[in-house]
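User: I am new to this structure and would like to learn how to read its charged residues. Could you guide me through them?

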Amino acid sequence: MSEPGRYRLLDGEGRPYRSDTPGTLGGHRAGRRYGRLDCPAALRALARGGYLSQRVFFADADTAVRAGYRPCAVCLPADYALWKAAR
């Protein structure tokens with residue numbers, strides 16, 4: 001059994017909270033973008049070592065958007081196109 005509140009996610013206001021359930025999406029705090037956990041661009045950045053300190057997690061896309069993050073153009077191209085068109 002996992003420890004209570006093992007995962008640290010951001011809420012719709014961008015505030016961290018503890019969750020028993022892992023996030024379904026990852027994000028980059030400085031870039032204010034979110035994407036899939038298996039995003040090739042994020043995985044490359046993590047492999048280079050410069051991304052980890054800015055990594056955040058979200059329960060879902062709606063929460064990420066409410067927190068002020070945009071979809072990743074690499075792993076969520078359709079969502080990114082909609083976001084860009086709405087700007």
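User: Which side chain meets that of D11 in a salt bridge?

Analyst: Please keep in mind that this model is predicted. A salt bridge requires a side-chain nitrogen of Lys or Arg within 4 Å of a carboxyl oxygen of Asp or Glu. Here the side chains of D11 and R15 meet at 3.1 Å, N to O. D11 belongs to the loop between strand 1 (7-10) and strand 2 (16-19).

User: How many salt bridges does the whole structure hold?

Analyst: A search finds 3. One of them joins D38 to R36, with the closest N and O atoms 2.7 Å apart. D38 is partly exposed at 47%, and R36 is partly exposed at 34%. Another links R66 and D62, also described by an N to O distance of 2.7 Å. R66 and D62 are separated by about one helical turn because they lie 4 residues apart in helix 2 (residues 61-66).

User: Which residues gather in a patch of positive charge on the surface?

Analyst: The patch brings together R8, R18, R29 and R32. Among them, R32 is partly exposed, with a relative accessible area of 35%, and is found in the loop between strand 3 (25-28) and strand 4 (33-36).

Definitions and conventions: Residues are numbered from 1 along each chain as its sequence is written. This is a predicted model: local features need pLDDT of at least 70, side-chain atom pairs count only at pLDDT 80 or more; totals for chains, interfaces and linings use all residues. Side-chain values use heavy atoms; hydrogens and water are left out. Helices (H or I, at least four residues) and strands (E, at least two) are DSSP runs, numbered from the N terminus. Patches are made of residues with over 30% relative accessible area and no salt bridge: like charges are joined within 9 Å, nonpolar side chains (Val, Leu, Ile, Met, Phe, Trp, Tyr) within 5 Å. Accessible areas come from the Shrake-Rupley method with a 1.4 Å probe; for residues, only the protein chains shown count as cover. Lys and Arg count as positive and Asp and Glu as negative; His and the chain ends are not counted. The place of a charge is taken as NZ of Lys, CZ of Arg, CG of Asp or CD of Glu. Buried means under 20% relative accessible area, exposed over 50%, partly exposed in between (1.4 Å probe, protein chains only).
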